[in-house]
Amino acid sequence: MNSYVELQTSSHFSFLRGASSCDDLFAQAAACGLTALGIADRNTLAGIVRAHEAAKATGVRLIVGCRLDLADGPSILVYPTDRAAYSRLCRLLSLGKKRAGKAKCHLEWPDVVAHSEGQVAVLIPDLADDECAFRLRRMRDCFGDRAYMALTLRRRPNEQLRLHELSNLATQMRVATVVTNDVLFDIPDRRMLQDVVTCIRHNVTIDELGERRERHADRYIKRPEEMHRLFGRYPEALARTVQIADRCRFSLDELAYQYPEERDDPRLTPQQSLEQLTWEGAASRYPEGVPESVVATIKHELALIETMQYAPYFLTVNSIVRFARSREILCQGRGSAANSAVCYVLGITSIDPSRNDLLFERFVSQERAEPPDIDVDFEHERREIVMQWIFETYGRDRAALCSTVIRYRAKGALRDVGKALGLPEDLLSTLNAQISSWSENGVEQRHLDELRLNLEDRRLRLTLDLARQLMGAPRHLSQHPGGFVLTHDRLDDLVPIEPAAMIDRQVIEWDKDDIEALKFMKVDVLALGMLTCMKRGLDLLAEHKDINLDLATIPSEDPRTYAMIRKADTLGTFQIESRAQMSMLPRLKPRTFYDLVVQVAIVRPGPIQGNMVHPYLRRREGSEPVEYPTPALERVLGKTLGVPLFQEQAMRVAIECAGFTPGEADMLRKSMATFKHTGGVSRFKDKLINGMVANGYAPEFAEQTFNQLEGFGSYGFPESHAASFALIAYASSWLKCWHPDVFCAALLNSQPMGFYAPAQIIRDAQQHGVEIRPVCANASHWDSTLEPTGREGQLAVRLGLRLIKGLSNAHAAKLVMARARHPFETVDDLWQRANVPIAALTQIAEADAFRPCFGLARREALWALRGLRDEPLPLFVAASADRTSLIPELEEPTVQLRPMPEGGEVVQDYRHLSLTLRAHPISFLRHELRRAGMITCLEAMESRNRRWVEVAGVVLVRQRPGSAKGVMFITIEDESGIANLVVWPKVFEQNRRTILASGLLAVRGRVQREGEVVHLVVQRAEDISSQLATISRREQGHAFVSKRTVEPAGIRFAARDFR
Amino acid sequence: MPAAKALALIPGLLTDDANAVADAKELERLALWILQRTSPIVAVDAPDGIVIDSTGADHLHGGEQAMLEGIVGRLAMSGVTARAVVADTWGAAHALARCGTTATFIAPAGEGPRLLRRLPLEALRVTPTLAAKLRPMGFETIGDLLDQPRAPLTLRFGPEIALRIDQALGNVPEPIVPIRSPDVVETRRSFAEPIGAAETIAKYVGKLVVDLCERLEARGLGARRLDLLCQRVDSHTQAIRVGMATPVRDPKRLTRLLCDKVETIDPGFGIEVMTLAATIAEPTDRKQIASSLIEETATDVSDLIDVLTNRVGNKAVYRLAPVASDLPERSVCRVPAMSPETGGSWPAHWPRPARLLQSPEPVETMALLPDQPPVTFTWRGVRRRVRCADGPERVFGEWWKRDAEAISVRDYFRVEDEAGERFWLYRAGDGENAATGSHRWFLHGIFG
């Protein structure tokens, strides 16, 4: 019988060596009639879970292996025979990685010897020389009868002789030979791609590659018969492949995961501890008594937790959250298990189950033994404290971060392949500018047409073709932002660990999909900027207004807050601040918390592409009847008026209406969650539609339902996530509504985050009646602070020194320290006492921070500073010390500085603070704009429907969402407010250059009102950025008289582009 | 704006990289051109100007206005747009030329300060960084600076401003260091009686070479190229040119190289003047001759190469160098005879034939597919029986070079016939897939 097992296969997790994915390799192995395939990537097990999954799908058995490239000599292949040997291999790799640092591995022969027990090892020889004999002897001594030597046909001169000599030598040294094929790709056609990745690895072009090209031929998977023909002289060596496969029976299924132990009281079982903590927590959450319904829910949940034995998981999350609370780090849980009553009373989330009737059906699914999923968001600036605590508490050998496989996307693939094929850099950047990095098709014909590129060019065509093949291949491993794997036993028994680029962090070789496939527990410790902002806001509230609140105690269901939200007055708040969200708010008209949950979930690419938004809105307005074809559907979709908006609902629809098993529904969910998976949701189409029709639904309805569900393929939100986000959105809106001053200061101190720049945040606060005070050398701290105004309950925001571009925190701190006893009197005084470099003082002066305290205009302050040196002269310091007043170092004739025009001050404000408290830059141009027939943005937004208007403004945001079919949304701003522009694809193409390059845009368009939402549909656009350059020479209210001179630098407004 | 963005905005935009070195070189060439025509004192005013001291030269061109118009007009004809200004000082002329509106302008004597007042301060030849510091202070024109007391300005911005103002106003002198044209090392000889006989020409060539070599030595140069120009009595010029692989100033060698070509000179009715110029000369290092007791000296073959090259042409003398390519015919390339070693080598452990045929020759064979060596083959009408063979060595086409090579494969075999002769054969194609080649056999090389 022609039996053969391929043992030496490199997947593309041998980064930039292997050219095929595990899926492809196993599919090809199955097609060739192999019964098992050994994956041996270089110094890594990163691809082994993917291979495990592929093996399960194809029925070809996986032989877990690894190729060790030793620093002091040969390469050997090792295959663990059992679980213990696998653990030893993991430890060996962890050791090598720890020694060599990130993405490298340094192992030597003695390390292998120390971990050799239970491994089958195969030496990869080159020539049958003394060196080889020595290595064979070492193999024999170390591995005994588990030592083998590989015979591989290279298709080079004297090959048969080489194999013959090797075989003889092995016999002489009493080491068995085994045939391998050293596979690098699944099918012969992949050879070109393999050459290209070799180029990328060596960072050379294909023309320079020369002998570094992989020189041994035929590295694809061959049929057993072919192997038998090629190695007809070595039948025993062929038979030993099967023998090794039989010896190596280890499977990843044997890896049993154990939760880390959490015991405050060792006498209690985890379940008992959890119950105790839960009831304690419930008592403190509900001081006036736990409501009956909550007691019932908690009991139900605890019972479920006991059945599933999830108590340790909840305890772990609880201790992380408890630690964060002890350090007063704000956090908020989300994820399927997070919005349970247990999590609420433990303080993991702040969504009160007694007040909000959420669907908790997917709390933990009993059908699938899958670990629950809780993600916890922390303040982004202090998350590192929590992470280090986890490492220390659970031990660095028991806790590590997941990795993230960085894969080639369209852009990266094109750049690297282009470089390898020697295309010029600027051609590549031009091509790259045309495609979005998420594009799944790479460069398309229309991109080339647009650039007038010639596809006849061979290299260009090859590049595009190979780049498409390379897309999706892993490039390297990176660390997951916060996904922790915690175990009870040593983690390096389960998976190799490597040190991360950041010190004091370590990363396992597998990513979160791998972890999920093996059913390990993962806790996501994520960073959320808005939590930092909320923490700062609540602290300020306690300090200045004596109001002590946290996320759970913020007054809920406050009508004034909802009124504000309905007006879309939500700039700066969480989630509901984006342009799309804002335009939806007046239509959705949220009145309760659940409305906000819907709002957060509905403005996502998923529901938008699934066409769920408009039906939902119509039903909410009552203009379309809410009807359910069956009671089953009503149970699932009742809360969302018959329109599926959440992932859980999609799953329930599949189960209830189409007869999916929970397991299948879970597959559906997975394919919806990550679009990277090939095939998407589409392969479930037939099953879903047929299932629904069989259950008595109309085929059209079934089709429509499927299309809706398919929309989730891009992005859908689970209800529990939406609820957690909605809570933060509500809390931030509440703060903005009742305490705009506090909110503004907190938001400024948490920058950069969110959609809006400080300039817009400050403008918005001013419109809400908050007094904003300029940066001042005598009054500002590093952060923006609150100052009393004299009016009851209203505070003024004093802008902080952190807004000054380029100023370091250390210098600002020195300055604040120096003025603690008494404020500075003059620039000289400040310079002598603060002991801050002149460069830092100059930055402060450029930001005009000396005007409020010393009455010095920007220019005068800079002039004074220019005359100073970094160190005061000691003689003068000594002289000054004796007196109460300061002796200036020199007296000089006064210099008459030309005062800066008002426009110039504005330009300088923008340049050094990115904002101004003076007039809006556009106001200086208003005279000319009026003459040109343009109205202000406010006037335009208040115009009647379908009126033609012309407006001009600074471009704040350009957005071209993938879900909007080429429509571009632009927000422009002038001194009166903002205007929302809509550009249809045709107009966009005509005005492409203007729209993409303008800082200051003048447009003509037609007003379109839909209820309270007003858009300006652009018909023509003009770039008038050049006018910005003249602002710095203008005075307010005067027409500009052009002087022929060197043009002063204008303002550069960095518009923020979003997709 | 980055070039790629400009390209995206304007499709089909032609772009060219800035080349500061070449610009400076061209500017210097332009200065030399003006030196020859306008005035003996000319200097480059980098990066974009030329300064001319026209004192005493303007009347040669019909006055200042005519001189300026002449310069600008001539430059315009050669495609250079220029502005020319006459002023009292270098500084003033520099400023007015860059900020003026007319192509030519003559500043009346003594009017400098008044005219300068309104110009932007960059015109004062202050560094851009200094100008960037002055502007935020509200200093925009030269006049703004002239009005201020000097001491506070110097304290804050250093002495540069005062110096530049004084230079522009003529308070301190600013001499112009004129450029000189780089001269060609040459020597000439005129004859009282025209010469014609080849021996006579050769004799004088020898004398000229000795003279030239002395001049070269005085400058530490060696000639890479010599041009010998012979002016005949009928005003025709005959020329011969020789090139050297390395800089040479050995009279014997140069004489021999030139005399090899004397035959090509047609003296006509006689030669009056002979000029020998080293049109390309490069510095030579003086090197101590190593004693043969200490070390072997490498044999210098550059002399031989020069002789051969000058006789048979530049392309005909070359060396072979390895190229890292699996295709045998691409694994060699020609390099100039004296070029340094590339450092590459052919794989020593893979036997390659001593002789590679210019192009593979088709042979008739009997062979088993897919990968057996031929049993017999017929080359150039001789049928040979294969006694032993090794192979195949599988060589893939270089797919990035041509479409035809995308999947092409050659299987090379080393075979020995019954007479003990060894040949290098290949089959186009891998023996299985017809797309990889025609599956015909070729002989590509001969061992031994």
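**Labels and their cut-offs**

Mentor: Start with B:Asp17, which sits in the loop between helix H1 (3-9) and helix H2 (20-37) of chain B; helices (H or I, at least four residues) and strands (E, at least two) are DSSP runs, numbered from the N terminus. This is a predicted model, where local features need pLDDT of at least 70 and side-chain atom pairs count only at pLDDT 80 or more, while totals for chains, interfaces and linings use all residues. Residues are numbered from 1 along each chain as its sequence is written, chains are lettered from A and ligands numbered from 1 in the order in which they are written, and side-chain values use heavy atoms, with hydrogens and water left out.

Trainee: Why is B:Asp17 called exposed?

Mentor: Buried means under 20% relative accessible area, exposed over 50%, and partly exposed in between (1.4 Å probe, protein chains only). B:Asp17 has 69% relative accessibility, so it counts as exposed.

Trainee: And what makes helix H16 of chain A largely enclosed?

Mentor: H16 (residues 410-420) has 8 buried residues out of 11, so the rest of the structure largely encloses it. Among them are A:Leu414, A:Asp416 and A:Val417. After H16(A) comes A:Gly422, with a positive phi near 75°.

Trainee: What makes B:Arg98 and B:Asp45 a salt bridge?

Mentor: The rule wants a side-chain nitrogen of Lys or Arg within 4 Å of a carboxyl oxygen of Asp or Glu. For B:Arg98 and B:Asp45 the N to O distance is 3.9 Å, and they meet in a salt bridge. B:Arg98 lies in helix H4 (residues 90-99) of chain B and B:Asp45 in strand S1 (residues 41-45) of chain B, so the pair ties together parts 53 residues apart in sequence.

Trainee: Are those two partners buried or exposed, or something in between?

Mentor: B:Arg98, at 29%, is partly exposed. B:Asp45 comes out at 8% relative accessibility, so it counts as buried.

Trainee: How do you know that A:Asp764 and A:Lys736 form a salt bridge?

Mentor: Their closest N and O atoms are 2.3 Å apart, and the pair is a salt bridge. A:Asp764 is in helix H34 (residues 758-767) and A:Lys736 in helix H32 (residues 719-738), both of chain A, 28 residues apart. Both residues are buried.
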